[in-house]
Structure formats: C-alpha cells, structure tokens
Amino acid sequence: MATMADVARSAGVSVATVSHVLNGTRPVLPHTRQAVLDAVEELGYTTNTLARSLVTARTRSIGLAVSAISNPYFTEILQGVEASALEHGYSLLIADPHDDPEHERKVVQLLHERRVDGMIVAPSAEPRGLLAYLGRHDVPAVFLDRLVDAPDGGPCFDQVCADNAEPTSRLVTHLAGLGHRRIGLVAGRPGLSTTSERITGYRTGLAFGGLPYDERLLVHGDSESAGAEQATAALLSLAVPPTALVTGNNAMTIGALRALRAHGLSVPGDIALCCFDDFAWADLFSPRLTAVAQPSRDIGAQAVRVLLERLAEPDRPARTVRLPCTFVHRTSCGCPEEPEQSVRFEQPEQSAQSERGTVA
C-alpha cells in the first residue's frame, strides 16, 4: 500500500506539501498541487483516516439524527446533507431518534461516542435531554427543520429551516380568495416549532381573508398519516364541516386524502385541499396537489455549511438561517387546469439573531 512518503517522492515534493494538498491546510501552487494529485492517482494512495484522526483529534465525520428517514421530506434533506458533506471531505453517520425524547438522547450520545466532529439534529417536541447532553459535552451542533430557542428568544444552537408562517398564510388566503369561509387545518405534532409556526400562519391567513378563527377547525394529525386520517375524519364529522383543508406536511396529506375517500368526498368538487410540503408525485394525483414546496436539499446542504463554519469558529454567536419556500399552484384548490405555476415567496426582513439563506 502506497504511503504519503511514496507520493512525495513521486511528485518531487515534501511530505508536508502532500499533507497540505490532501488536507487543504495551506495554499499550494497549482502545478505542485496537480503533481501531488497525479501521484496519488498513479500510486492508488488512500488516506489513513484513523491515523489522521489520532493526530488531529478530528474524524472528518458528521452525525445526522433525523426521525422518519422514510419520509420523502427528510429523505431529500438527507441527500442534501450527504452531498454537501462529501463535497467537503466528510463522511456521514446516521441515526433515527423516532421522535422519542429518550431515544433521541441515546442516539445523540451514540454518535458522540463515535467521535463525530459535529452533529446535525432534527429535535423532538421535548428536547430537554438533547439540549442538556449537547451543552454538557460542548458538542458542535446544528438544529435542522425544527427550531429550539433559548429563554431570551434567541437560538441556543445554530439552526437551519424553511419559512413556515408566511407560506401557510398564503395557502389560507388563496382558499379564502376562492370563496371558502370554513377552512380547516390539519396541524402537526404539538411542541414542534414547525407546527406552531404553521398554526400562526393559518391564523394570520384567516385574518387577512376576513375570516374568524374557529378552534374546532384546527386539529392535530401528529405529523403522521394515521393521525391525520383520524383528525380529518373529526373535521368531517362537525355539524358544519370545512369546505377546504390545509394539511401541515406530506405524510398528513396522504392521511387526509384517505379520510376524504372513506367519506366519499372528491377533491376539489366536494372539498378543496392545499398542502404544506410538495413531493415528487404531487402532480400525479387527480387532481394535482396545490402545495408549498420546501427547499429540502438546500436545507440539508446549508446545515452542513453552517456546521463547518461552527467548527472553524467555535465562539461565534448562534444563528438561525431560514430558506424561502415556493408556492406551487395546481388544481386541488379548485382552480381550473392551467400550466403549473411556481412562485417563490418573498423573504421577510431578517431579525438581528437570524439570517436568510439563498437557494440556487
């Protein structure tokens, strides 16, 4: 097996220069760098990651803890994390906390014991154990999708997510503009920031549409298909059921559609439907689903970049990065069939403790 010294002799440079080229620790002249890379290719040299980690105290690995990896939304986020980590020379260790606070703390401890350089975590609705562990062991971490703020209202860790309130408000005002006066919301699991922010957007949209808030029209589907099916059935059992629905994520959209079918209702003939989260087959449904599309892969990639910046500058203030969503206008809302339209939401002004990311 070729060694770094073999690469140095072949390229006619020092071992230190080879190290700088492979680890990116110091600028190297372009022709020298190419000579080293050519020697690496010719000799089939591979880095001894274990030996390097013993010297640098870094493993060049990232721990990713996200629940419901089978969920298309988190699957796309994972793809973004993996691609960005690989681009920066990092490997990925993945664990599923199953949205259970105790299991969440255990898998984070397991990742930490594997000596990952940092973690990207989608927190549960009760993250106290997670926060205590990360804080006690001073683990560099970025929260993904779901936010957890300190008592003063600022972020306690770096965070990356999409905008939630404004896009949800847009779905509600769109339905109100079509004449709907009873608009229901199938919201996610209580305690999650995504749930509370989308509820805020729902209520804001009702106000913009000149509609009163009726607590009976807001139900929780617990961010899952089965829960949403039951929650939607409860809405349909009201003495005066809603004429339009907004669902809080893609899994709950599936559950809501099952409930509507079980009640013999058609979309949008009997009830209009808009959903938060677009997914690959949303335009294959009949009718095609009007949705808010989150920049899933970009959220994952941005989380890696923020984590690497944290590793480079451990003492920098924590920040929250929000990425804009896109309104994808199809036909489940009751609008006539037209070419699909996608409108990116304008980004609101950033606060002092957050910044807005950009999506290519």
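Let me start with the pocket. Helix α9 gives the largest share of the lining of the largest pocket, four residues. This is a predicted model, where local features need pLDDT of at least 70, side-chain atom pairs count only at pLDDT 80 or more, and totals for chains, interfaces and linings use all residues. Residues are numbered from 1 along each chain as its sequence is written, and side-chain values use heavy atoms, with hydrogens and water left out.

Terms next. Helices (H or I, at least four residues) and strands (E, at least two) are DSSP runs, numbered from the N terminus. A pocket, on a 1 Å grid over the protein atoms alone, is an open set of points where a 1.4 Å probe fits, with protein on both sides within 12 Å along at least five of seven lines; lining residues have an atom within 4 Å of a point.

How much space lies in the largest pocket? About 390 Å³. That volume is the space filled by probe spheres set on the points, with grid points joined across faces, edges and corners. The lining has 28 residues. Asn71, Phe74, Arg146, Ser223 and Asn249 lie nearest the centre of the pocket. Elements giving two or more residues to that lining are α5 (72–87), α9 (193–208) and α11.

Now α9 itself. It has 16 residues. First to last C-alpha, α9 reaches 22 Å, close to the 22 Å expected at 1.5 Å a residue. The expected span is 1.5 Å times one less than the number of residues. Buried residues in α9 include Ile199, Tyr202 and Leu206. Buried means under 20% relative accessible area, with a 1.4 Å probe and protein chains only. Cover for the buried residues of α9 includes α8 (165–177), β6, β7, β9 and β11 (320–323). Just after α9, glycine 210 takes a positive phi of about 75 degrees.

On to α8. It has 13 residues and reaches 18 Å between its first and last C-alpha, close to the expected 18 Å. Among its buried residues are Leu171, Val172 and Leu175. Their cover includes α9, β6, β8, β9, β10 (290–293) and β12 (326–329). Glycine 179 follows α8, and its phi is positive, near 105 degrees.

Next, α10, residues 225–236. Why does its length agree with expectation? Its twelve residues should span 16 Å at 1.5 Å a residue, and the end C-alpha atoms are 16 Å apart, so the two agree. Ala228, Ala231, Thr232 and Leu235 are among the buried residues of α10. What covers the buried residues of α10 includes β6, β7 (218–220), β8 and α11.

That brings us to β8, residues 244–247. Is it covered on both faces or on one? Both: Ala244 and Val246 are buried on one side, Leu245 and Thr247 on the other. Strands β6 (residues 183–187) and β8 run parallel, joined by four bridges. Leucine 185 has valine 246 of β8 as its bridge partner. Four bridges also join β8 to β9 (residues 272–276), again parallel. There, alanine 244 stands opposite alanine 272. Two strands pair if DSSP finds at least two bridges between them. β8, α11 (residues 250–262) and β9 make a right-handed β-α-β unit.

Finally, the whole chain. It has twelve helices and 14 strands. Of its 360 residues, 50% count as buried. Of the contacts (heavy atoms within 4.5 Å) with a separation of 6 or more, 67% come from residues 24 or more positions apart.

Conventions. A crossover is right-handed if, with the strands pointing away from the viewer, the path from the first strand over the helix to the second runs clockwise.
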